[in-house]
Each structure stands twice: as C-alpha cells, then as structure tokens.
Amino acid sequence: MIDDSSLTAEMEEEESPATTIVPREPPKIQRLEESVVNRIAAGEVIQRPVSAVKELVENSLDADSSSISVVVKDGGLKLIQVSDDGHGIRREDLPILCERHTTSKLTKFEDLFSLSSMGFRGEALASMTYVAHVTVTTITKGQIHGYRVSYRDGVMEHEPKACAAVKGTQIMVENLFYNMIARRKTLQNSADDYGKIVDLLSRMAIHHNKVSFSCRKHGAVKADVHSVVSPSRLDSIRSVYGVSVAKNLMKVEVSSCDSSGCTFDMEGFISNSNYVAKKTILVLFINDRLVECSALKRAIEIVYAATLPKASKPFVYMSINLPREHVDINIHPTKKEVSLLNQEIIIEMIQSEVEVKLRNANDTRTFQEQKVEYIQSTLTSQKSDSPVSQKPSGQKTQKVPVNKMVRTDSSDPAGRLHAFLQPKPQSLPYKVSSLSVVRSSVRQRRNPKETADLSSVQELIAGVDSCCHPGLLETVRNCTYVGMADDVFALVQYNTHLYLANVVNLSKELMYQQTLRRFAHFNAIQLSDPAPLSELILLALKEEDLDPGNDTKDDLKERIAEMNTELLKEKAEMLEEYFSVHIDSSANLSRLPVILDQYTPDMDRVPEFLLCLGNDVEWEDEKSCFQGVSAAIGNFYAMHPPLLPNPSGDGIQFYSKRGESSQEKSDLEGNVDMEDNLDQDLLSDAENAWAQREWSIQHVLFPSMRLFLKPPASMASNGTFVKVASLEKLYKIFERC
C-alpha cells in the first residue's frame with residue numbers, strides 16, 4: 001500500500017525550483033573584555049619563566065642596583081624571586097605599580113628615540129599579575145621601614161603593609177601561568193627552563209661587570225651563577241664561563257663615524273683557533289640591552305667555518321653602541337630583538353674585522369699534551385726512598401709501563417677522572433717544601449695563634465703526630481675523590497689503586513684533630529633560639545631507650561638529665577673559654593664552635609652531643625677532659641648519614657603517607673601513583689639533607705683532609721680504608737683475555 005502523504009511530498013519536491021542559500025548575517029564585532037585583552041597581552045610579554053626573570057632583572061638594573069639575587073623553584077613555575085639593592089619604589093607609586101602602561105621611563109612618544117633605560121612600556125609587571133601571584137617588598141632611602149603589597153590582575157589586593165625590609169626591592173612571582181593550563185603543561189620540564197635562566201644571568205653578568213649577580217635553586221646552598229664586581233669584562237667572562245674560555249679569547253674592536261650616517265662603536269671578545277665547542281655562543285648587547293641578531297650570528301659563523309678547520313663553533317661577546325635614534329627597540333613584545341639603521345653595513349664591517357683577526361691569529365695553534373707519570377703504588381711508607389734527580393738535558397724520559405698508566409688528577413678539587421695528570425716540576429724537594437709552605441700559611445690564616453700553650457693539649461697533638469701512618473698520609477694527601485659508593489663509604493683513587501674510604505671515621509678523626517689544633521681559638525655558630533639543656537638531654541635518653549613503653553624509667557631519665565645539666569652548668573666557663581660552647585646561666589645552649597669553614601654540623605645530633613659531654617668526659621683530669629670533649633665534638637661534627645633514610649634507594653618507602661591501605665602500599669611498591677602516595681615535604685627535606693652531605697664530603701671534607709688530617713695507624717687495619725681494585729692485577733686479568 002502506498003503512503004499518499006509521502007507521494008505528495010515527492011511530487012512537490014520535483015515541481016519546486018532549486019533551493020536558494022540565504023546569506024548568513026555577518027558576525028557582530030564586539031569589544032573584548034579588558035581582562036581578556038590583558039591576559040592575551042600577558043601571554044605575549046611573558047612567554048616562559050625566563051621572560052619574567054629578564055624583565056625583573058632589567059628593572060633592577062634600571063634601579064641602579066649593585067647586587068641582584070635570583071631564586072627559582074621548579075624552573076620558575078612555582079617561584080621567581082628577584083632581590084636588588086636599588087633605589088626602591090615610593091609608597092605613593094605602589095597603587096599603580098602593576099597597571100598596564102604605567103612607567104617612569106617616558107612621558108611622550110618622542111622619548112622612545114632617546115631612551116636609555118631597559119624598560120619603557122610598563123607592561124612587564126602588569127602582565128605578570130594577570131598570569132601569576134605577585135608580591136612586592138620595597139624600601140626607599142631615608143625610610144625607617146618598607147612596604148609589602150600583593151597584586152592580582154593589575155591591581156592591589158590590599159593596602160601596602162609596613163614591614164621590615166633591606167635596601168632595595170624584592171619581587172616574588174608565584175604560581176606562574178596558574179590560569180593558563182595549556183601554557184603551563186608545555187613548560188613542565190623545569191630543568192630546561194632553569195638552564196635558560198642560568199644562561200640569561202650568565203650573559204648579563206659578563207656585560208654588567210659593575211653589578212654582582214647570583215642565581216640558585218630554591219633550597220640549594222650553592223649558587224649556579226655567582227659573579228662579583230670585576231674590573232674588566234674579561235675577568236667577568238673568566239669567573240662565569242671559566243678559565244678555559246677566557247684564555248682563548250681575542251679582543252676585537254670596530255669603530256665607524258661615516259658621514260652618511262653609519263655611526264657605531266663595537267668592542268668585544270672572540271674565540272681563537274684553540275677554542276673548541278659544539279655550539280655557537282653569541283652574547284650580544286646593543287646600547288647595554290641584551291638582544292639577539294640572527295643575521296650577525298650567521299655572518300660570524302660563516303667566517304669561522306671558512307677560516308678554521310672542522311667548522312669550529314665560536315664564543316663571541318660583543319657590545320655595540322650607536323646613537324639611540326638609530327635603534328628601534330619597540331619591534332618585539334619581549335624586547336628580544338631590535339631594528340638598526342644601516343644594519344647590513346654594520347654587520348659587514350664587523351664580519352670583516354672578525355675575519356682579519358682570525359686569519360692573523362691562525363698562524364700559530366697549540367695543542368694540549370697529555371702526559372702520565374710513574375707513581376709508587378704501595379700504601380706503606382716510601383719516605384726512605386731517595387729523591388728523584390733531574391735528568392740531564394737531551395736524555396729521554398723513562399717510558400711508563402702500560403700497567404702503571406692511570407687517569408687521575410689529585411689536585412683537581414672536583415675529582416674528575418677524565419682529567420689527565422698534568423706535568424709537574426722535575427725538582428721534587430722544591431715541590432715538597434713549597435707545598436709545606438702553602439699548608440703552613442693556610443693553617444696560620446685560619447688559626448693565627450695555633451693552639452693554646454697548655455702542656456696537656458700539646459701532648460695530645462704530639463700523640464696525634466706520633467701515631468700518624470706515613471703510607472695512609474701519602475694516600476690522603478694525593479687521593480682523588482670518585483663518588484659515594486653507599487651511605488658510609490666513598491670511592492677514592494690513589495695511584496693505581498681504588499679504595500673504599502669510611503667517611504664517618506675519617507671525618508670524626510679530622511674533626512677531633514682540628515678541635516685540638518684550634519683549641520681556645522674558635523669562631524662561633526650562634527643558634528637562632530637558645531636550647532634548654534635538660535630537654536635536649538632528656539630527648540637523647542629517650543632516643544637511646546630500647547624499651548620506650550616502660551614508664552617506670554621516666555623518673556630515672558629526668559634525674560639523669562638534671563644531673564648532667566647541673567654538671568654542664570658548672571663546666572660552662574671552661575667550655576666557653578676553650579671550646580666556644582656557650583651555656584648561659586639559665587642552662588640554655590646558645591653557641592657552638594666552627595671546626596671547619598663552610599661546614600655546619602647536623603643539628604639533629606645536638607642532644608646526643610650534650611649527653612656525651614655529660615656521661616663520657618672525665619672532668620677531673622685535665623688531659624683526659626680535653627681529650628674527651630674533643631672526641632665528643634669530633635663525633636658530633638662527623639659527617640654521619642642523616643637521620644632521615646636515603647630516599648634514593650629502598651628508603652623511599654619510609655616517606656609513604658601514614659594510614660594508607662595495604663592496596664595503596666602495594667601500588668607504592670609497584671611504582672604506581674608513587675608521587676601521590678609520598679609525603680612530598682618530608683621527602684624534599686630528606687633529599688636536601690642527603691645532597692648537602694654529599695656536597696660537603698666532596699667539597700669540604702676531602703680538601704680539608706688533604707691539608708690537615710694525619711691518619712692514625714689504626715685506620716690501616718680497622719676497615720677505614722679497603723682496597724677494592726688494583727690496576728696491575730686488573731691488567732693481568734684482562735691481558736689473558
């Protein structure tokens with residue numbers, strides 16, 4: 001049966017003309033909301049964390065700062081803190097500080113053609129407030145206090161609050177791109193962004209050599225960039241990029257005063273034929289502004305590729321100054337690029353001068369020579385050996401056997417195994433005496449008066465000297481630090497042997513000997529808050545208790561703590577005078593001695609130290625007393641493993657959140673959602689503690705051991721040094737293969 005309705009519809013469709021398309025109404029143009037406009041502009045000005053750092057550092061330079069410090073967390077996404085000692089910001093300017101197009105650099109458009117400052121548009125701080133949380137702390141000259149104020153979306157969140165402040169301004173940018181999810185996800189590689197920030201400040205430091213710069217990660221002790229005021233830019237390059245770069249640089253200068261209008265001055269440094277690198281480094285400043293110029297970079301690379309073998313990549317620093325009206329600095333949102341009048345002529349003149357310099361310097365080229373040296377390979381004493389005599393001229397040096405060839409440099413403080421042993425003077429007696437003079441001068445500089453005149457202390461020091469093992473002394477003086485093998489043992493190389501060295505035993509002995517040698521002449525560490533002796537000793541007793549649930553022992557512990565507290569109060573004057581351990585009249589510990597410069601002991605071990613002073617020191621006999629106190633200090637200052645387990649191994653399980661289910665623990669062990677199941681704050685504290693300990697072992701303990709430690713003979717047999725490999729034996733094994 002046919003549906004009449006469908007048939008009728010088909011007939012009507014066949015009879016109707018072709019369907020016409022009705023034109024759509026044009027979309028309505030509307031004005032964007034101001035917040036949308038500002039956020040779009042912010043994304044252009046602040047492209048990534050390094051853009052924010054550049055803007056803030058340039059503001060600090062405009063403020064006539066002599067010191068600029070940068071602290072970064074998570075590559076700048078969590079925190080960027082820039083502090084300077086400039087002229088500060090006036091209280092009445094704070095309300096409009098972060099509004100767009102508010103600036104102190106210009107008042108009319110014509111000012112752009114005579115601009116001498118880094119910033120001028122008034123967009124940097126405003127842009128940061130639209131994509132981050134910004135806090136400003138500042139104080140101007142003559143004020144008795146500073147002001148702190150927070151900004152969001154270009155306006156103040158509250159009235160400026162009075163606060164304590166140091167000279168200058170500190171700006172904190174937190175949670176960068178918190179409201180731009182896509183941008184933030186593309187910047188998760190914090191290591192890459194932090195490297196860009198370090199590179200930026202390194203470039204700034206070599207040009208602005210009258211300003212000191214520092215840059216470090218949040219929580220880190222050592223700065224990755226640390227420059228001081230230098231008399232010349234070559235010194236700045238040496239301090240920032242290293243001696244290997246600075247020694248291979250040539251000065252280059254170009255000047256032009258053409259009547260046609262091409263007027264400029266250029267001075268800088270370019271690398272010579274001995275410099276080798278994998279990528280080009282061009283540090284370019286135009287009118288003191290750090291910029292990029294791809295045309296100039298390409299022109300210089302062409303010269304190096306044509307002049308030097310293997311297309312060596314150069315290091316180039318250039319500072320170009322030209323009339324300000326010849327530079328347009330307003331062509332890029334981040335001011336990264338500028339436009340120059342007569343740019344092609346300027347680049348051609350610079351390229352020609354660089355080519356002339358390279359061709360003149362390419363007549364001579366030096367190559368580094370690698371030499372090895374025959375060294376005795378036994379741990380026993382070699383002092384009876386006759387000194388090496390100087391060989392007559394013309395006589396060939398003795399060939400070193402292949403099984404004696406080692407790669408090591410005992411004088412290298414970083415312990416890099418890839419550095420070959422450098423040639424040393426032939427006259428061994430002169431070298432030994434010279435080294436003794438250096439060590440003596442270091443000791444005198446650190447402790448001008450040496451030790452006290454007490455006979456008991458002199459006897460203890462004489463005992464240390466008489467028990468010194470000559471072979472171990474030679475090993476300690478000339479060993480090379482390789483790295484940590486585990487929590488206690490470090491790998492060290494001496495001659496053709498590899499040893500495991502117990503850093504706890506070594507540091508304990510070093511601290512003991514240094515305490516005796518600095519007797520009565522210590523510098524002091526001042527505690528921020530005095531600590532009550534009784535509570536600390538009681539805490540140590542509870543930590544030592546193997547049965548903490550037994551309440552009957554609590555009274556005994558308190559009595560012991562009271563007795564030890566009274567004892568230490570009685571001995572406070574002696575401890576203060578001889579060991580710089582200050583205990584006040586209220587039985588509070590407020591000061592500790594400095595045993596090694598640049599090293600602070602683990603304060604978690606203070607309770608154990610005080611308990612040891614009370615229980616283990618023989619106070620009645622002078623010599624025994626000084627020996628006991630020095631041993632207690634040595635044990636306290638020794639580089640023990642931190643109390644928190646090492647998070648790099650199985651100890652990571654210690655940092656799982658308490659109270660989790662067995663399934664969650666299973667997931668943690670299976671490395672599933674590990675980060676969500678960890679106590680990040682505790683884990684961060686542990687990582688910092690272990691990293692700080694390893695840094696102290698490499699950069700403080702081993703250099704100090706080479707200068708001061710006289711290892712006792714007992715260390716040769718008690719496991720402090722354990723030989724794990726010998727090149728001669730390994731050579732015999734692999735020779736058979």
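**Exercise 1. Locate aspartate 64 in the chain, and state whether it is buried or exposed.**

Step 1. Aspartate 64 sits in the loop that runs between helix H3 (49-62) and E1, where helices (H or I, at least four residues) and strands (E, at least two) are DSSP runs numbered from the N terminus. The model is a predicted one, in which local features need pLDDT of at least 70 and side-chain atom pairs count only at pLDDT 80 or more, while totals for chains, interfaces and linings use all residues. Residues are numbered from 1 along each chain as its sequence is written, and side-chain values use heavy atoms, with hydrogens and water left out.

Step 2. With a relative accessibility of 64%, aspartate 64 counts as exposed, given that buried means under 20% relative accessible area, exposed over 50%, and partly exposed in between (1.4 Å probe, protein chains only).

Step 3. Although aspartate 64 is not a glycine, its phi is positive, at about 60 degrees.

**Exercise 2. Describe the loop position, backbone and accessibility of alanine 520.**

Step 1. The loop between helix H14 (503-517) and strand E20 (523-532) holds alanine 520.

Step 2. Alanine 520 is not a glycine, yet it has a positive phi of about 70 degrees.

Step 3. The relative accessible area of alanine 520 is 26%, and the residue is therefore partly exposed.

**Exercise 3. Work out the strand order of the open sheet that contains E20, and identify which strands stand at its edges.**

Step 1. The sheet is open, has three strands in the order E20-E22-E21, and pairs them in the antiparallel sense.

Step 2. The edges are taken by E20 and strand E21 (582-583), each of which has a single partner strand, so one side of each is left without a neighbour in the sheet.

Step 3. E20 and E22 are antiparallel and are joined by six bridges, two strands being paired if DSSP finds at least two bridges between them; isoleucine 525, for instance, has leucine 592 in E22 as its bridge partner.

Step 4. Between E21 and strand E22 (residues 588-594), which also run antiparallel, there are two bridges, and histidine 582 has arginine 591 as its bridge partner in E22.

Step 5. E21 and E22 form a hairpin with four residues between them, and alanine 587 in that turn has a positive phi of about 60 degrees.

Step 6. Because six of its seven residues are buried, E22 is largely enclosed by the rest of the structure.

**Exercise 4. Characterise the lining of the second largest pocket.**

Step 1. This pocket holds about 1500 Å³ of space. On a 1 Å grid over the protein atoms alone, a pocket is an open set of points where a 1.4 Å probe fits, with protein on both sides within 12 Å along at least five of seven lines, and lining residues have an atom within 4 Å of a point.

Step 2. Its lining comprises 43 residues, and Gly219, Ser684, Glu687, Asn688 and Ala689 lie nearest the centre.

Step 3. Strand E1 (67-73), helix H6 (190-207) and helix H21 (680-708) each supply at least two lining residues, and H21 gives the largest share, with 13 residues.

Step 4. By class, the lining divides into 17 nonpolar, 12 polar and 14 charged residues.

**Exercise 5. Decide which parts of the model call for caution, using pLDDT.**

Step 1. The protein averages a pLDDT of 78, and 74% of the residues score at least 70, pLDDT being the predictor's confidence in each residue, from 0 to 100.

Step 2. Where pLDDT is low, the predicted coordinates should not be read in detail.

Notes:
Grid points are joined across faces, edges and corners, and a volume is the space filled by probe spheres set on the points. Ala, Val, Leu, Ile, Met, Phe, Trp, Tyr, Cys and Pro count as nonpolar, Asp, Glu, Lys and Arg as charged, and the others, Gly among them, as polar. Contact means heavy atoms within 4.5 Å.
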